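Please open the structure in your viewer and keep the selection tool at hand.

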Amino acid sequence: MKYDNFNVIYPNYLDSNKTVKLGRRIAAKDAVPEPTVQDLHEALASLNVRHVIQPYKGYSRDSISRWDNPGRVLVDLEGAAENGIVGMGTDGAFDLDEVPDINDDNDKENNGGSGGGKKQLLREIAKVIPKLPNRQTRIEEKAKAAALEAEKQKKLAIQAEKSAPSKGGGGSGSSGKKKKGKKKK
């Protein structure tokens, strides 16, 4: 299979925690927090869109996600157009006339529900991702791990308070340590 005509989708394109400068491509209200390549794969598979996972590629704009959330997905937009997810014009080009401006708040009104090319596909993926069962279990496990870690930190803080020696036991104000330096004669 040739991937020359496939479009690239990084998880940053759909991450609501990222800024536009860090790579978010859709509105924050439409995006999802911390999507992974596996989430993208499952969403595209549920939409019946042909795609390829490249797990070791990193997004160049965001150095943190290269290590914490690596990978990208190559997507066949022509296959998505055949499934009716993305609009394609009569000349064979993707219908980009309906893509709203970034500053428009009412993109549903401007979009009219048709076309949109890659942005429309990103919005469809973002709608599907929160419903994925693997994602829901991953988020629940992450919340449990965070709660256990917080509880562990509390216990350590309490132990540190109890085991810390009280300071200022002597009345003279000296700590009883030997001073370093030359002896005075």
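## A helix, its partner and a pocket

Begin by selecting Asn48, which lies just after helix α1 and takes a positive phi of about 60°. Please bear in mind that the model is predicted.

Next, select α1 itself, residues 37–46, together with α5, residues 117–128. The axes of these two helices come within 9 Å and cross at roughly 100°. The helices α1 and α5 are therefore roughly perpendicular to each other. To view their contact, display Leu40, Ala43, Leu44 and Ser46 of α1 along with Leu121, Ile125 and Val128 of α5. Of the residues in this contact, six are nonpolar, one is polar and none is charged.

Which residues of α1 are buried? They are Val37, Asp39, Leu40, Glu42, Ala43 and Leu44.

Finally, turn to the second largest pocket, which holds about 190 Å³ of space. Its lining consists of 13 residues, and those closest to the pocket's centre are Asp15, Glu34, Pro35, Asp68 and Asn69. Select α2 (63–68) and α6 (133–163), each of which supplies at least two residues of the lining. The largest share, three residues, comes from α2. Colouring the lining of this pocket by residue type shows two nonpolar, five polar and six charged residues.

Notes. Residues numbered from 1 in each chain as written. Predicted model: local features only at pLDDT ≥ 70, side-chain atom pairs only at ≥ 80, totals over all residues. Heavy atoms only, no water. 1 Å grid on protein atoms, 1.4 Å probe; cavity = no way out; pocket = protein on both sides within 12 Å on 5 of 7 lines; lining within 4 Å. Points joined across faces, edges and corners; volume = space filled by probe spheres on them. Helix = DSSP H or I, 4+ residues; strand = E, 2+ residues; numbered from the N terminus. Nonpolar A, V, L, I, M, F, W, Y, C, P; charged D, E, K, R; others polar. Axes fitted to C-alpha atoms, helices over the stretch in contact; angles between N-to-C directions. Parallel < 35°, antiparallel > 145°, perpendicular 65-115°, else oblique. Contact = heavy atoms within 4.5 Å. Buried < 20%, exposed > 50% of the residue type's maximum accessible area, 1.4 Å probe, protein only.
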